[in-house]
Amino acid sequence: MAKPIYILNGPNLNLLGTREPEIYGSQTLDDIAKLSETHAQSLGLSTAFHQSNAEGQLIDWIHQARNDGAGIILNAGAYTHTSIAIADALSAAELPVIELHLSNVFAREPFRHHSYIAPVANGVICGFGATGYRLALSAMSDILNPQSSS
Ligand code: CA2
């Protein structure tokens, strides 16, 4: 059985669909989990989709992905801008990593312009709302199977 793509979501993303739809869209995290699984299946991939408000839990899932996952798509929420510990865990995982944000963080407050994760990621996708999860899975598929990418 092929290893899944870990799709990890950080603090407050469990609130999606309840507030601030003008920034984050109106879909819930559950909606995003479903569209991710559907798109992954179309690419011949599977997902392990998680959300936590706790930094340590996100790090534990990154450690788990090191053995059990094929790659990591991470929307670390505000930990993107603060967490050296998550960046260290991603480096140690030795897997393809895609940093993902719903909003265009570069069009927002200056404190969102810096990421500790970007330097240890293969690439960054931001500003496309829930579509970003599909884009990230397509990019991960190309990273994992470069000969079948167009
Ligand atoms: O745009 C993104 O995906 C972010 O990772 C979202 C984080 C933010 O701190 C990052 O700078 C960019 C915040 C997630 C908060 O999610 C909410 C969703 C609905 C209502 C309130 C917060």
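Fold and ligand site of a predicted model

The chain has five helices and five strands; helices (H or I, at least four residues) and strands (E, at least two) are DSSP runs. This is a predicted model, where local features need pLDDT of at least 70, side-chain atom pairs count only at pLDDT 80 or more, and totals for chains, interfaces and linings use all residues. Residues are numbered from 1 along each chain, and side-chain values use heavy atoms, without hydrogens and water.

Student: What radius of gyration does the chain have?
Tutor: The radius is taken over C-alpha atoms, and the globule rule is 2.2 Å times the number of residues to the power 0.38. With 150 residues, a compact globule would be near 15 Å, which agrees with the chain's 14 Å.

Student: Which residues come nearest to the ligand?
Tutor: A residue counts as near if one of its heavy atoms lies within 4 Å. Of the 17 residues around the ligand, the nearest are Asn75, His81, His101, Leu102 and Ser103.

Student: How far is an oxygen atom of the ligand from an N or O atom in the side chain of Ser103?
Tutor: A polar contact is a pair of N or O atoms within 3.5 Å. A polar side-chain atom of His101 lies 2.9 Å from a ligand oxygen, and a polar backbone atom of Ala78 is 3.3 Å from one. For the Ser103 side chain, the distance is 2.5 Å.

Student: How much of the ligand's exposed area does the protein bury?
Tutor: Areas come from the Shrake-Rupley method with a 1.4 Å probe. Taken alone the ligand exposes 510 Å², and the buried part is 95%.

Notes
Polar contact = N/O pair within 3.5 Å; in protein donor to acceptor, adjacent residues only side chain to side chain.
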